[in-house]
Amino acid sequence: MTFADLPEVHRIERASFSVPWPDEAYRSELMANRLASYLVVRADGVDGIIAYGGIWLMVDEAHITTFAVDPAWRRQGVGETLLVALLDLALARHAQEATLEVRLSNLPARRLYEKYGFRPVGLRPRYYSDNGEDALIMTTEPLTGVAMRRRIADLRAALAAAPPPTGPAETPDGRRDDGTVGGARDGTVGSPEEPPRPAARRP
């Protein structure tokens, strides 16, 4: 992510979350936060970005701070591909595990994260400022462990073998889900809600 990406990041942020980060938050992250790393996703032949996500590396833990897919590109594997890239980034920065928060009620998103090796480890009471809902803290198995490496390799291979995204159009029947960290309020992965943040960034 660069400063030039921020208008598109803000557009996706506002379309994805009921309580978006202030516009200046990402500029501050890029300029001043040495713990932070952010990625964006681009599609061939498309101006701008279609997804973004970021981590904070805190000691040996990669905390996924935010993650969203343009609504027009959801349910096409973009979110899963970005999640794999964030886990790769965590490994490259020598993280031993990755963690995130998700709404306790959001079962579809929780299943997605469980698919990628995240497991429940605790709660953050009243974490989400829009309705005071608790957040479930989820953490991976050790990223360098044999089981986790095999899991990610298998999921990466499945994504590579799947049809590519069809673009910003109605998703054909039978396409796979992806989603956004923080997930859905209405029972579908990828619906708008407040993105997760480390406790220090809670609004």
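Over the ring of which residue does the charged end of Arg103 sit?

**View 1. The charged end of Arg103 and the ring of Tyr128 in the predicted model.** In this predicted model, the charged end of Arg103 is placed over the ring of Tyr128, at 4.2 Å from the centre of that ring.

**View 2. An aromatic cluster made of Trp21, Tyr26, Tyr38 and Tyr52.** Five aromatic pairs are found when the whole structure is searched. One of them joins Trp21 and Tyr26 in a tilted arrangement, with 4.8 Å from centre to centre and 35° between the planes. Trp21 and Tyr26 are both buried. Tyr26 also forms a pair with Tyr38, and here the arrangement is edge-to-face, with 5.9 Å from centre to centre and 80° between the planes. This second pair links distant parts of the chain, since Tyr26 belongs to helix H2 (residues 23-32) while Tyr38 belongs to strand E1 (residues 36-41), the two being twelve residues apart. Like Tyr26, Tyr38 is buried. Through ring pairs, Trp21, Tyr26, Tyr38 and Tyr52 are linked into a cluster.

**View 3. Strand E6 (residues 135-140), largely enclosed by the rest of the structure.** Six of the six residues of strand E6 are buried, and the strand is therefore largely enclosed by the rest of the structure. The burial applies to both faces, with Ala135, Ile137 and Thr139 buried on one side and Leu136, Met138 and Thr140 buried on the other.

**View 4. The strand partners of E6, namely E4 and E5.** Strand E4 (residues 97-103) pairs with E6 in the antiparallel sense over five bridges, and within this pairing Thr99 stands opposite Thr139 of E6. Strand E5 (residues 118-124) likewise pairs with E6 in the antiparallel sense, here over six bridges, and Arg119 is the residue that stands opposite Thr139.

View 5. Because its relative accessibility is 34%, Arg75 counts as partly exposed. With a relative accessibility of 63%, His94 counts as exposed.

Methods. Residues numbered from 1 in each chain as written. Predicted model: local features only at pLDDT ≥ 70, side-chain atom pairs only at ≥ 80, totals over all residues. Heavy atoms only, no water. Phe/Tyr/Trp six-rings, centres within 6.5 Å; stacked < 30°, edge-to-face > 60°. Buried < 20%, exposed > 50% of the residue type's maximum accessible area, 1.4 Å probe, protein only. Helix = DSSP H or I, 4+ residues; strand = E, 2+ residues; numbered from the N terminus. Lys NZ or Arg CZ within 6 Å of the ring centre and 35° of its normal. Pairing = 2+ DSSP bridges.
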